Amino acid sequence: MAVNERKVNKYMDLLARSYPELVSIEEVGRTHENRTLRMLRISTARHGRRHRKAILIDGGIHAREWVAPAMVLYVVNQIVEHRSSNGEMLEGVDWFALPVVNPDGYEFTHSYVGLGRRCQLYGLNTDTFTIISSLVQSNIERVTHSNMLDHKSTI
């Protein structure tokens, strides 16, 4: 099962509390639906230091990419919680992780499984989507059946 945005944020908060010398959270913006865009910074440098190389990992750009945020968190987990094995990844580099770039769409698809961006774009709810899908399907069947009849009459 996919991880919802609340659980993503909860894990980010846990890392920041557990590894304050290494992990910090920055608010980098707000979405159309006023959700906070949160980015994790993983760095061995003091917070005032600049001009280090940086690596950005992002996920959840498209609403139905449910595995992408989990993959970002897996990489973060390997860097932070398995630092003894992966410490060289932090040498001279700051890591920035934005697990969910599109939290509005990500949450929407968790609430209305599988509908994704088209329904939200047009302000449709699940009932409207179901009705439209049924109408489109019946029109396709009608046109296909009609074309088959026309094709048979010309043979």
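This is a predicted model: local features need pLDDT of at least 70, side-chain atom pairs count only at pLDDT 80 or more; totals for chains, interfaces and linings use all residues.
Residues are numbered from 1 along each chain as its sequence is written, and side-chain values use heavy atoms, with hydrogens and water left out.

Strand 4 spans residues 93-98; helices (H or I, at least four residues) and strands (E, at least two) are DSSP runs, numbered from the N terminus. Since 6 of the 6 residues of strand 4 are buried, this strand is largely enclosed by the rest of the structure. Here buried means under 20% relative accessible area, exposed means over 50%, and partly exposed lies in between (1.4 Å probe, protein chains only). In a regular strand the side chains alternate between the two faces of the sheet. In strand 4 both faces are covered, with Val93, Trp95 and Ala97 buried on one side and Asp94, Phe96 and Leu98 buried on the other.

Two strands are taken to pair if DSSP finds at least two bridges between them. Strand 4 runs antiparallel to strand 2, to which 3 bridges join it. Leu40 has Ala97 of strand 4 as its bridge partner. With strand 3, strand 4 pairs in the parallel sense, over 6 bridges. Asp58 stands opposite Leu98 of strand 4.

A search of the whole structure found 7 salt bridges, each defined as a side-chain nitrogen of Lys or Arg within 4 Å of a carboxyl oxygen of Asp or Glu. Asp94 takes part in a salt bridge with Arg41, in which the closest N and O atoms are 3.0 Å apart. This pair links distant parts of the chain, as Asp94 lies in strand 4 and Arg41 in strand 2 (residues 36-42), 53 residues apart. Both Asp94 and Arg41 are buried. Asp94 also forms a salt bridge with Arg52, with the closest N and O atoms 2.8 Å apart. Arg52 belongs to the loop between strand 2 and strand 3 (53-58), and 42 residues separate Arg52 from Asp94. The relative accessible area of Asp94 is 5%, and Arg52, at 18% relative accessibility, also counts as buried.

A further salt bridge joins Arg35 and Glu33, whose closest N and O atoms are 2.6 Å apart. Arg35 is partly exposed, with a relative accessible area of 24%, and Glu33 is likewise partly exposed, at 38%. Glu33, Arg35 and Asp104 are linked in a network of salt bridges.

A cavity is a set of points, on a 1 Å grid over the protein atoms alone, where a 1.4 Å probe fits but cannot get out, and lining residues have an atom within 4 Å of a point. Grid points are joined across faces, edges and corners, and a volume is the space filled by probe spheres set on the points. The largest cavity has a volume of about 70 Å³. Its lining includes Glu5, Met12, Arg38 and Pro99. Helix 1 (5-18) and strand 2 are the elements that give two or more residues to this lining, and helix 1 gives the most, with 4 residues. By class, the lining has 6 nonpolar, 2 polar and 2 charged residues (Ala, Val, Leu, Ile, Met, Phe, Trp, Tyr, Cys and Pro count as nonpolar, Asp, Glu, Lys and Arg as charged, and the others, Gly among them, as polar).

Key. On a 1 Å grid over the protein atoms alone, a cavity is a set of points where a 1.4 Å probe fits but cannot get out, and a pocket is an open set with protein on both sides within 12 Å along at least five of seven lines; lining residues have an atom within 4 Å of a point.
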